[in-house]
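Please keep the model open as you read.

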Amino acid sequence: MKNDREEYKFSGIPTFMRSPYVDVDQLDEYDVGVLGVPLDYGVSYREGAKYGPRSIREHSHWDRVTEDEFHDLETGDTLISQSLKLADVGDVHIYPGDAEKTNDEISRAVAEIRRRAFP
């Protein structure tokens, strides 16, 4: 249930640019579906890339996907700050130790998003 209250930047579930979190089958009303791939292929010493999607989401909260309108006083034009509708679909399921199965799952997830929105 959505409420009309503004959430603070430091609260709530971190999604990419504070976009809505939806299931893939709800992407028909969005232009872009953001999918995280938390993966550390070939790491032998220092892991960390698998934390990338989470960190990107947490740090992208400073920006917001909105369709705010701004009036240009010089030209009289109305400008829209962001016309794309983004949604976060979470992370793809990873199979640690099984690169082939993980790659198949990534391909399947991206294809599923692509049927409805831009991945």
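A residue is called buried when its relative accessible area is under 20%, exposed when that area is over 50%, and partly exposed in between, using a 1.4 Å probe and protein chains only. Helices (H or I, at least four residues) and strands (E, at least two) are DSSP runs, numbered from the N terminus. With those terms in hand, look at strand β1, residues 32-36: four of its five residues are buried, so β1 is largely enclosed by the rest of the structure.

A word on where the values come from. This is a predicted model, in which local features need pLDDT of at least 70 and side-chain atom pairs count only at pLDDT 80 or more, while totals for chains, interfaces and linings use all residues. Residues are numbered from 1 along each chain as its sequence is written, and side-chain values use heavy atoms, with hydrogens and water left out.

Now step back to the whole protein. It has two helices and four strands, arranged along the sequence as β-α-β-β-β-α. Of its 119 residues, 25% are buried. Contact here means heavy atoms within 4.5 Å. Among contacts with a separation of 6 or more, 64% are between residues 24 or more positions apart.

Return to β1 and find its partner. Two strands pair if DSSP finds at least two bridges between them; β1 and β4 run parallel and are joined by four bridges. Across this pairing, V34 stands opposite D88 in β4.

Strand β4 also holds A87, which is buried, with a relative accessible area of 0%. Which residues does A87 contact, leaving aside neighbours within four places in sequence? They are S19, P20, V22, L27, Y30, V32, G33 and V34. With Y30, the C-alpha to C-alpha distance is 6.6 Å, although A87 and Y30 are 57 residues apart in sequence.

These two residues also belong to a nonpolar core, meaning a set of buried Ala, Val, Leu, Ile, Met, Phe, Trp, Tyr and Cys residues joined through side-chain atoms within 4.5 Å. The largest such core has seven residues: V22, L27, Y30, A87, V89, I113 and A117. Its member V89 touches Y21, V22, V24, L27, V34, L35 and I113, not counting residues up to four places away in sequence. A second, separate core has five residues, including V92, I94, I106 and A109.

Next, visit the segment before β1, where you will find M17 and R18. Most residues other than glycine have a negative phi. M17, however, has a positive phi near 55 degrees, and R18, also not a glycine, has a positive phi of about 55 degrees. M17 counts as buried at 18% relative accessibility, whereas R18 counts as partly exposed at 23%.

Finally, turn to a pocket. On a 1 Å grid over the protein atoms alone, a pocket is an open set of points where a 1.4 Å probe fits, with protein on both sides within 12 Å along at least five of seven lines; lining residues have an atom within 4 Å of a point. Grid points are joined across faces, edges and corners, and a volume is the space filled by probe spheres set on the points. The second largest pocket has a volume of about 190 Å³. It is lined by 13 residues, of which P38, P53, R54, R57 and D91 are the closest to its centre. Helix α1 (52-59) and strand β4 (86-91) each give two or more residues to this lining.
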